[in-house]
Every structure is written in C-alpha cells, then in structure tokens.
Amino acid sequence: MPAGEIVGIIGPNGAGKTSLFNVVSGFLKPQAGEILYDGRRINGVRPHELNALGIARTLQGLGLWRGLTVLENVMVGARRAARPGFVSALTGLSRSDRYEAETADLARDQLRLLGIEHFADWYPGVLPYGVQKWVSLARALVSRPSLLLLDEPASGLTSTEIKELADLLRSLRAQMSVALVEHRLDLIMSVCERVHVLDFGRLIASGPPERVQKDKAVTDAYLGEELTLNVAEEGADARG
Amino acid sequence: MKGLGSVRPALLRHSMVGLGFGLGAALAVWAIDPYNPFLVYQLSSVCYFAIAAAGLTVLTGLNGQLSLGHGALMGIGAYTTAVVLKGHTDLNPALVMSAATVVTSVASIIVGAAAARLRGPYLAGATLGLAVGLPGVAVRFSNIFGGDAGTSVPALTPPDALSSVAPEVWLAWIGLVPTVVTFVVLANLVRTRYGRDFRAIREDEVAAALYGIRVARTQVVAFVLSGACAGLAGSLLAYTSNLAAPGSFPLTLSLLLLAAIVIGGLGTLPGAVWGALVVVFVPDWIGSVNDAVHLPSAVRDQLPLALFGGVFVVAMLAFPHGIQGGLVRLWRLRASRRKAGTSEPAIGTT
C-alpha cells in the first residue's frame with residue numbers, strides 16, 4: 001500500500017473486509033502470511049500498540065465513549081508518547097496539568113479543522129449521527145496517523161455528508177495513506193486510486209476503480225447485487 | 001471560545017478545597033464535642049467510609065469494575081494495623097496507616113490481576129468470594145490474628161501538648177487527614193488522562209485498546225488504587241473501633257459501601273462523601289425513631305433494616321443519579337433559570 005494513496009477495499013458481505021482490519025490491528029491473528037508496514041513486519045502487534053505505530057482505525061459502530069464528552073473522546077485519541085506518569089497525575093504536578101492543557105488544545109484544533117468545535121463539551125450520545133461520525137474521525141485523525149483504516153465511514157450518512165466525507169478524504173491524501181472498507185461504491189469510486197476486491201477471504205481483483213468495476217470476477221462475486229451506479233463519471237470529475 | 005490552553009494548577013485548587021474542608025470539619029468537631037461526643041465519634045466513621053467509598057466509586061463508577069470484596073480489603077488494612085501495633089504500641093499513626101495502605105495495595109495487585117480478566121457477574125462472584133472467605137483466614141490463623149475475638153488496637157491519645165483535647169476529637173482530627181489526602185489525590189487523578197482512560201474502558205474496551213489504552217493494565221491500576229483506599233480506610237476503622245475482628249468485615253460492609261456510592265452518586269467523589277454520611281447516620285436516626293415508638297419487640301428488631309432498605313429505594317427513585325446527581329441538577333436548574341434561555345451543555349461527570 002503506497003504512501004499518500006487512498007485504497008478501497010470492497011467485497012460482498014462476509015468477504016473478510018473487516019476481518020482484514022482486525023488482523024492488521026491485532027484483534028485477530030493471521031493464519032498465514034505477513035503484515036508489512038513501513039517495511040516492518042507487524043504480525044502479532046497488540047491493539048494498544050497500533051497508535052504508537054502511527055496507525056489509527058475507526059470502528060464500524062463508531063465506538064465513541066458515550067460517557068466522555070466530545071472533547072474528551074478526541075483527547076484520548078490524542079495520546080502522545082511523552083505523557084506524565086501515574087505519580088505525577090496523582091499528585092497533580094504541573095507537568096500533568098500542562099499535558100492536559102496541551103492535549104485539550106490539540107483535540108480542540110482537530111475539532112475545529114472538522115468544523116465541529118462547538119460540540120466539544122457535549123456528550124456524543126445526544127448528537128446527530130453525522131456529527132458523531134465526524135467525532136470518531138477527529139479521534140482517529142488527532143494522533144496524525146500515517147495510516148488511517150476506515151471501516152464503513154459512509155454508513156448511515158446522507159448523500160450530502162458523503163460528499164463532505166469524500167472531500168475530507170481527498171484532503172487527507174497529502175498527509176497519510178487511507179484504507180477504506182466501504183459498501184457505498186460511489187464513495188469508493190470517487191476517492192480511491194486503487195480498489196481491492198475481496199470475496200470469501202480471497203483477493204479476486206485489484207486496480208483502478210474503473211477497471212475493477214468491469215472485471216469479470218468482480219461482477220460474478222456481486223452477482224445479484226447492483227453495480228449500476230453512475231459512479232464512473234462522478235469519480236472522473238472528482239479527480240479532475 | 002473558552003479558556004484555550006489555560007493552565008490551571010489542579011494541585012493548588014484541589015489542595016485549597018481539601019484544606020478548607022478539612023480545617024472547617026476539624027473546627028466543627030471541636031465545637032460539637034462538648035454537646036455531643038457520640039456525634040464526633042460517628043464523624044470518624046464517616047471518614048473511613050468516605051475514603052473506602054471514594055476508592056470504590058473510582059473503580060466501579062469510573063472504571064466499571066464491580067467489586068463486592070472491598071469490605072474484605074478494608075479487613076486487610078485493619079489487620080495490618082493491628083499486627084503492626086501489637087509489637088510497637090506507640091508507632092506513629094501515619095506510618096501505620098501507610099503500612100496498611102501498602103499491604104492492601106499489594107494484595108490488590110493479585111485480586112486486580114484476576115479481576116482484569118473477569119467481567120460482569122464473574123467479577124462480582126470472584127470479589128464476593130473474597131468478601132466471604134477472607135474473614136475466615138483471620139479465624140484460621142488465630143495465633144496471629146486473634147481468631148473470632150480479633151486483635152485489639154490501642155486507642156489514639158493526643159500528645160501531651162494537646163492533652164486538653166478529648167480523645168474522640170483527636171481521633172476525628174487524625175481521621176480527617178487521610179480523608180483530605182485521599183480526596184485531593186483522587187481528584188487530581190480523575191481529571192487527568194487516567195480518569196479519561198478509566199472511563200473509556202468502562203464505555204468500550206475495544207475502542208479503548210484501539211486508541212492506545214492498555215486495557216488490562218489500566219484496570220489493574222484502578223483496582224490497586226481503590227484497594228489502597230480500602231486499606232487506608234480499614235486502618236482508620238481499626239483505630240476508630242480499637243479492634244480488628246472478623247465480625248467487623250462482614251459481607252454487608254462490602255454491600256454497604258456499594259450502596260453508599262450508588263446513593264451518593266456513582267463515579268463522583270462528592271457522592272462518596274454523601275454516601276458515607278448516609279450509611280453512618282441514617283441507620284442511627286432510624287434506630288432512634290424506632291426506639292421512640294413503642295412496638296412489639298418482634299417488629300422493633302426487624303423494622304430498622306426494612307426502613308433502611310425503604311429509604312434507599314425511595315432515594316433512588318427520587319435521585320436516579322444519586323444525591324450528587326440530584327444536587328448538580330438542582331444547581332443547573334437554578335443557573336439556567338437565572339440566565340433564562342442560554343443553556344450550557346454538561347461538562348464532565350465529576
């Protein structure tokens with residue numbers, strides 16, 4: 001997966017898209033093969049180590065912490081390597097205070113970038129689904145990952161919101177690589193440079209979206225599902 | 001736009017509140033004593049209940065680990081106090097309480113490591129086993145712990161310079177010190193990333209792990225922290241009752257602690273204080289009301305328990321988020337009425 005590219009991963013239900021993410025993020029162990037990241041083998045990485053590697057992942061069901069405010073959600077995402085220890089937190093040393101203030105600033109900046117800073121002190125549960133989605137993106141982006149794994153970011157969004165999401169993803173390209181698992185083919189086709197198609201855990205096709213769309217194996221796998229979206233032209237002018 | 005990057009010294013703020021509260025309480029105790037020495041003695045009980053409840057509310061309320069075994073952890077603190085004092089009767093209470101805290105923390109590492117692998121009813125069951133089993137250990141090794149009768153703990157006496165101070169006042173003063181320290185320390189911790197991590201784990205462990213939180217380790221940290229509070233509370237309990245005995249740490253003590261944090265307001269530190277006040281004073285008031293009305297003894301003996309339960313049920317119906325939750329709501333109502341129209345969203349949970 002090249003740097004600075006947006007790669008789409010599609011496939012019918014049960015094809016193993018989310019499982020692929022789970023393997024990369026250490027929730028599942030690969031039965032065979034290697035996971036290479038930045039030339040390093042990261043097989044057996046534990047989920048909590050991902051963040052330090054520069055990989056951030058969003059969850060299908062958002063996975064926001066409902067008892068934490070929007071700002072606090074993003075602050076957890078912003079955990080940095082240099083953080084004060086337990087004793088300093090217990091005794092309330094100024095080191096700990098400074099860390100808190102700096103982390104809050106980082107989180108606020110990220111919220112502002114996504115245009116949702118006015119929700120900072122709200123609990124996510126009371127916000128519209130679209131805003132919650134942005135919060136979960138803010139939580140992933142605030143650590144400035146070099147690889148962002150997005151699991152169905154478009155699900156539950158309106159078509160306007162999907163357009164905004166596509167704009168956001170394109171703007172991220174300069175800073176990080178993005179892997180996108182998605183059912184909404186229009187989003188995939190409009191933002192991805194390359195698409196990998198999985199079916200029953202096998203890679204059945206990969207390449208630029210226009211080519212993959214016409215691939216025989218792909219249409220067979222999607223047999224019975226509609227592939228007649230007018231995505232080709234939308235994708236073309238989006239890239240223009 | 002509000003307070004961007006303003007560095008507020010948390011230590012200073014919490015210490016000032018803690019000190020102010022501590023000094024106020026110390027003065028109040030001194031003023032009450034000539035009229036009602038028993039009330040002063042009860043306030044010492046409030047101190048150790050508040051310490052234990054504060055630790056438990058961080059564990060159960062913030063981190064989401066339910067413990068039915070904190071009464072037993074208090075027992076470890078109390079027995080440590082008794083055993084340490086057996087040889088050296090006039091050891092400094094600060095030293096003794098520290099020893100009790102450390103010993104209980106070490107025990108909590110073991111329990112916490114097991115607890116981090118358990119969830120929900122399994123965790124409740126395991127900690128329940130602790131509450132039921134541990135007093136038995138004290139009976140089994142009666143040569144060290146004094147069996148059913150327990151081990152006595154020498155009463156605290158004020159130094160010669162303060163010989164005019166009554167013993168119960170001195171006890172309450174000594175009790176206020178660890179109470180204030182515990183609350184200041186926990187207040188510091190809860191507002192930092194540790195507090196956030198605790199709560200994030202409570203809400204969604206998978207997401208917590210994905211965002212770099214070491215879930216199991218953080219759960220053990222929370223357990224040890226709360227165990228340390230229980231140990232400290234147990235030590236103070238031993239000083240207060242001058243005894244460490246199996247009967248002082250029944251299962252009901254663990255349940256009472258849980259009741260205290262729930263009725264006070266789960267996951268809030270002020271709630272731990274409200275809860276401690278409730279579990280110390282409400283049974284006593286019910287008892288005195290009960291004595292005042294003349295009832296057949298069969299009814300009189302059982303009535304306080306039923307009334308105590310009734311008070312809890314009614315209180316939880318009236319304040320589903322505990323006393324602290326109710327107070328916060330009242331305060332917000334007043335604030336929003338004053339500013340009519342402009343509503344502020346909820347900030348934080350503590």
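**Strand pairing in chain A**

Author: Strand β7(A) and strand β8 (residues 202-207) of chain A run antiparallel and are joined by five bridges. Strands here are DSSP runs of E with at least two residues, helices are runs of H or I with at least four residues, and both are numbered from the N terminus. Two strands pair if DSSP finds at least two bridges between them. This is a predicted model, in which local features need pLDDT of at least 70 and side-chain atom pairs count only at pLDDT 80 or more, while totals for chains, interfaces and linings use all residues. Residues are numbered from 1 along each chain as its sequence is written, and chains are lettered from A and ligands numbered from 1 in the order in which they are written.

Reader: Which residue of β8(A) is the bridge partner of A:L198?

Author: The partner is A:L203. In the hairpin of β7(A) and β8(A), two residues lie between the strands, and A:F200 takes a positive phi near 45°. β7 (residues 194-199) of chain A also pairs with β1 (residues 6-10) of chain A, in the parallel sense and over four bridges. In that pairing, A:I9 has A:H196 of β7(A) as its bridge partner.

Reader: Why does A:R144 count as partly exposed?

Author: A residue is buried if 20 or more other C-beta atoms lie within 10 Å of its own, exposed if 12 or fewer, and partly exposed in between, with C-beta atoms placed from the backbone. A:R144 counts as partly exposed because it has 13 C-beta neighbours inside 10 Å. B:N242 is partly exposed because it has 13 C-beta neighbours inside 10 Å.

Reader: What can be said of helix α6 of chain A, in terms of its span and its covering?

Author: The expected span of a helix is 1.5 Å times one less than its number of residues. Helix α6 (residues 129-141) of chain A has 13 residues and reaches 18 Å from its first C-alpha to its last, close to the 18 Å expected. The helix is mostly covered, with ten of its 13 residues buried; among them are A:W134, A:K133 and A:R139. The covering elements include β4 (55-57), α3 (70-77), α5 (94-113) and β5 (147-151) of chain A.

Reader: Which residues does B:L130 touch beyond its sequence neighbours?

Author: Two residues are in contact if their C-beta atoms, placed from the backbone, lie within 7 Å. Not counting residues up to four places away in sequence, B:L130 touches B:G69, B:A72 and B:V111. B:L130 belongs to helix α5 (residues 120-140) of chain B and is buried because 22 other C-beta atoms lie within 10 Å. B:L251 is 121 residues away from B:L130 in sequence, yet their C-alpha atoms are 9.3 Å apart.

Reader: Which residues of the largest nonpolar core touch the most other members?

Author: In soluble globular proteins, nonpolar side chains tend to be buried together. A nonpolar core is a set of buried Ala, Val, Leu, Ile, Met, Phe, Trp, Tyr and Cys residues joined through C-beta atoms within 7 Å. The largest one has 161 residues, and B:A52, B:A53 and B:A260 touch the most other members. Leaving aside neighbours within four places in sequence, B:A260 is in contact with B:F49, B:A53, B:G275, B:A276, B:V278 and B:V279.

Reader: How many residues of each chain meet at the contact between chain A and chain B?

Author: In this contact, 35 residues of chain B meet 38 residues of chain A. On the chain B side, α8(B) gives the largest share, eight residues. By class, that side has 19 nonpolar, seven polar and nine charged residues. Here Ala, Val, Leu, Ile, Met, Phe, Trp, Tyr, Cys and Pro count as nonpolar, Asp, Glu, Lys and Arg as charged, and the others, Gly among them, as polar.
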